[in-house]
Amino acid sequence: MKRYDLIVAGAGPAGLSAAAEAAKCGMRVAVFDENAKPGGQLFKQIHKFFGSKAHKAKIRGFNIGSELLAEAERLGVEVFLNAPVLGLYDGREILVRIGDETRHYKGDSIIVATGASENMLAFPGWTLPGVMGAGAAQTMMNINRVRPGSRVLMLGSGNVGLVVGFQLLQAGCEVVAVADAAPRVGGYGVHAAKLARCGVPFYLSHTIVRAEGSDCVTGVTIGEVDSGWSVIPGTEKHFDADTICIAVGLSSATGLLKTAGCEMEDKGPFGRLPVCDEYGQTSITGIYACGDVSGIEEASSAMIEGRISGAAAANYLGFLPDAALKARAGELEQALEALREGMFAPKNRGKIPDKTDEGFDVSMSLLTRGYLDDAEVAGYPGVRSAAGTHPVIECTQNIPCNPCQDACPKGCITVGENIVALPQIDAGAECIGCGLCVASCSGQAIFLVNEDIGGGLASVTIPYEFLPAPKPGDTGVCLGRDGKPVCPGEVLEFKSPPAFDKTGLLTVAVPQAFCGRARFWKREA
Amino acid sequence: MSKIIIVGAGAIGNAAAYYLAKTGVQVTVLEKSPYIGNGGSSRNGGGVRQSGRHPAELPLVMYGVKNIWPSLSDELGMDIEYYREGNLRLGKTEQHLEILRGLVKNAQAGGLDMRMVDSAEARELCPYLSGEVIGASWCPTDGHANPLLVTLAYYSAARRLGVTFVSGAQVTALRKLRGRVTAVVTADGTVYEADGVIVAAGYDSRKLLGSVGLDVPMNPVVLETLVTEESPPLFYQMLGTAMADFYGHQSTHGSFVFGGTHGLEPYADGSRTVGSSISASSTCRGIIGFFPVLKELKILRTWAGVIDDCADHIPVIGNPAETPGLTVGCGFSGHGFGLSPVAGLLLSQLALGQETALPLDKFRCDRFKAKV
Amino acid sequence: MTERKLLSDLVPQPDDDMVVCRCEEITKGEIRRAVHDGMFNIHEARRFLRCGMGLCQGQTCGRLVKAIIARELGISQSELDDATGRAPMRPTEMRIIASEVFGE
């Protein structure tokens, strides 16, 4: 039987990272994945990632996927596609379907990185065509280039719901609402704000009452829920819609681990997960689990976990000395811990702080309506008034991210050692208006403002990732943070150089009085 | 006898509980697993087969097929998907036919309606056979049922009759008190007392019987089964082969359930219920060799189960004389499901000290002797 | 240890006819009924009703079924185990399973 030093099930962010790390230590590695393309979810992530340089922040997911794949291939990892692992058996043996055959392979070590699947929600009409997982909609759009529908309701305000909601807008869909049974937006405020300023309304404490339609979805009714999650009569709201996206969390795809006999334990809201040591080793020696299969987190964390498991497998088989493992794992764990800090860290799940780490008020408007209230914006450290062009950073929650700090060639922006800290503007540093900070911000929360460009006008530069690209002279209406029209706006400039990596910088002229409120621009119909 | 404890909530334990409860006895069933019927009862291929039985078992299963199985759905108040559409045991070579003729001879000696059929008649009975089949044995009164439903239907009906079921209650020892086995102890130290105890705990029975100085020589053997996606109805006979490559049937749902052996089962670690990497492939090759028409059907699940394979491959059913109060039903050696209703009935009669519906001399606990 | 006590009477709910397991077309009402018939966990419900036993193997309905059972029993979902993992992880044709390769 063909035998490898390491067999990895799943060529997503965790699996490829594990494979690359192990191959780097000299191991013969094979990765098997059921999909036709490697990368798992990475290749449908068209947004820029959060974190720091170590986490490949500000790089778009699919580019991270390409980098990772190139690294694995360079290191001699064999990647088998269209190759579902059917079972994991005693003796670290796997059965894989390849073409019309079932092949047996053995690994002296096995890493299971099979990811997760989307949770569903049952409500009357949920089986109608047009109801789909948000991840499925994302696959349709970003992998298969098919628009899932034209009018979409998104259920779920976690990062998946928010990110996919925004991508639906980018694909030309109308997002009629984001609803969530929870009383607070579950994902990053900056993701919510991107949707809200495009005019998408948020309905917190709301769930779907029913999907309407006989052969397919033609509408949806949502309603407000009480503390027992029951819909309060009389609070129903109807939307015409042809698509309902469900983004109510993921479940770890633990099937292979369970067939192998790995011990599982209940992790409360995270479900039943494999019992793993600090390196991801399961209850069975030589079998590791990393990425979403061992607990749902972001792709950034999955990649680090993969590296740790890859290094651990290398150590187990004598390819990496103990001291080297300790050093490598230590460095990786530090990167992982940096991601597991802040308001949305797994350890803070379910807790809503009143204040940021720095003592600023946490915006309740952002948490309940998806946008910062105009009146409260000025209180944050990234927001200040100044002469000339200067950045306005509407980043108000402690999330692990710092590319803006590195982006500014003049050192205007400081996040500091702790990457969950809020960015601060150094009043003494000079802004040259290059826009690198705007393009680097994965949350699209940085704007350039010049409060006086003459003639009673101000300019506002906003990150803009929609087609067609605006041209100077185009006229339109500026929308506020809440997505409501605030003033007319004429395009002064649209820049999208390669360094901005497809985040266009749209500069519009607005009446001076509105430069603190205009945060999106819509072409005149 | 007004209170009985049953150890093991499998098909047989549940059936015994049901028949006891019908007589008004107060029954408590203790099940080690958190799930009712989680052993062989939920893992077997569902055969209700008389053909190919050991001569000693034949009267029991014939009694069941005649008196219990046909009315069991009505009795338990739900469709347990029993089909009495016959059993074809297939042969491709003269050597196969020789084996089948031997089985037919044994069956006929036991009074069972079973005969050899040629390839044409076999194909008339089941048109989907491979052209390589040259003959078969045929028992028209054999059949199959849904073991998941039989096990849970007995459970559900017994529960409605007031039987107490406790799952996650692992009995670790039997207790002989003042000369009678009337109590059991669970892993958490709880002692359950009654007037008598039935042990129907599969291979685990061995350790329990050991606690009162009895031994049934048996081994745990891992066997595997698989199920396909659903298919339009093709045939409802129970199928097998002379070489026992596979056996199985199509269920009411439309899926096919097949078991099979690859030959290395006796050497697997019987203490763990895990499948092997070679089993499903071996069974599929067996099936396709006889039913090529099924080759495009998708396999949805495979699973393993542990049988309690007794030294002489027939069960122990009885009240050991040395241990009054104790009734034993174990060692069914992989053919317990078809026997489960009758075994449950017999155990209930034994526990109550009644005359049993059939003689049980051949199933005594003390029959195992040195060979010289 | 769980004593399989009889539950109070099954009260109909307006969405009892809602399909929960799409592969096998099992409704919420059938699952609730099964709990009252003594199916106290996902294993027993699957065996009794076939919910989660179809082509997707419960990937879609597994959590939903668990939630219905937990609510009917008045317990937390975390007290209920998930369904057992079973090979093959993806439905696979018999001829492909039959065609084994052990070599390179």
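How many bridges join strand 12 of chain A to strand 13 of chain A, and do the two run parallel or antiparallel? The points below take this up first; the model is a predicted one.

1. Hairpin in chain A. Strand 12 (residues 206-212) and strand 13 (residues 219-224) of chain A are joined by six bridges and run antiparallel. Within this pairing, A:Ala211 stands opposite A:Val220 of strand 13. Six residues lie between the strands of the hairpin, and A:Gly213 takes a positive phi there, near 125°. Strand 12 of chain A is mostly covered, with five of its seven residues buried.

2. Helix 5 of chain A. This helix spans residues 189-196, and eight of its eight residues are buried, so it is largely enclosed by the rest of the structure. The buried residues are A:Gly189, A:Val190, A:His191, A:Ala192, A:Ala193, A:Lys194, A:Leu195 and A:Ala196. A reader may note that A:Lys194 and A:His191 are on that list. The cover over the buried residues includes helix 4 (159-170), strand 10 (174-180), strand 11 (202-204) and helix 9 (364-369), which belong to chain A as well.

3. Contact between chains A and C. Here 28 residues of chain C are in contact with 29 residues of chain A. On the chain C side, two or more residues each come from strand 2 (19-21), helix 3 (62-73), helix 4 (94-98) and strand 5 (100-101). By class, that side of chain C has 11 nonpolar, eight polar and nine charged residues.

4. Strand pairing across A and C. Strand 6 (residues 101-112) of chain A pairs with strand 5 of chain C in the parallel sense, over two bridges.

5. Contact between chains B and C. This contact takes 36 residues from chain B and 25 residues from chain C. Helix 6 (147-160), strand 8 (164-167), strand 13 (218-230), helix 8 (279-290) and strand 17 (298-310) of chain B each give at least two residues to the side that touches chain C. That side of chain B divides into 18 nonpolar, 11 polar and seven charged residues.

6. Strand pairing across B and C. Strand 17 of chain B and strand 4 (residues 92-93) of chain C run antiparallel and are joined by two bridges. The bridge partner of B:Ile299 in strand 4 of chain C is C:Thr92.

7. B:Thr164. This residue is placed in strand 8 of chain B. B:Thr164 has 17 C-beta neighbours inside 10 Å and therefore counts as partly exposed. Neighbours within four places in sequence aside, B:Thr164 is in contact with B:Thr28 and C:Glu3. B:Thr164 and B:Val29 are 135 residues apart in sequence, yet their C-alpha atoms are 6.1 Å apart in space.

8. Domains of chain B. Chain B is divided into domain 1 (3-63 + 147-216 + 312-363) and domain 2 (85-143 + 219-310). The centres of the two domains, taken over C-alpha atoms, are separated by 27 Å. In the contact between them, 29 residues of domain 1 meet 30 residues of domain 2. Strand 3 (47-48) and helix 2 (58-67) of chain B are the elements that give two or more residues to the domain 1 side. That side of domain 1 has 11 nonpolar, 15 polar and three charged residues.

Key. Residues numbered from 1 in each chain as written. Chains lettered and ligands numbered in written order. Predicted model: local features only at pLDDT ≥ 70, side-chain atom pairs only at ≥ 80, totals over all residues. Contact = placed C-beta atoms within 7 Å. Helix = DSSP H or I, 4+ residues; strand = E, 2+ residues; numbered from the N terminus. Nonpolar A, V, L, I, M, F, W, Y, C, P; charged D, E, K, R; others polar. Pairing = 2+ DSSP bridges. Domains from an automatic or database assignment. Buried ≥ 20, exposed ≤ 12 C-beta atoms within 10 Å, placed from the backbone.
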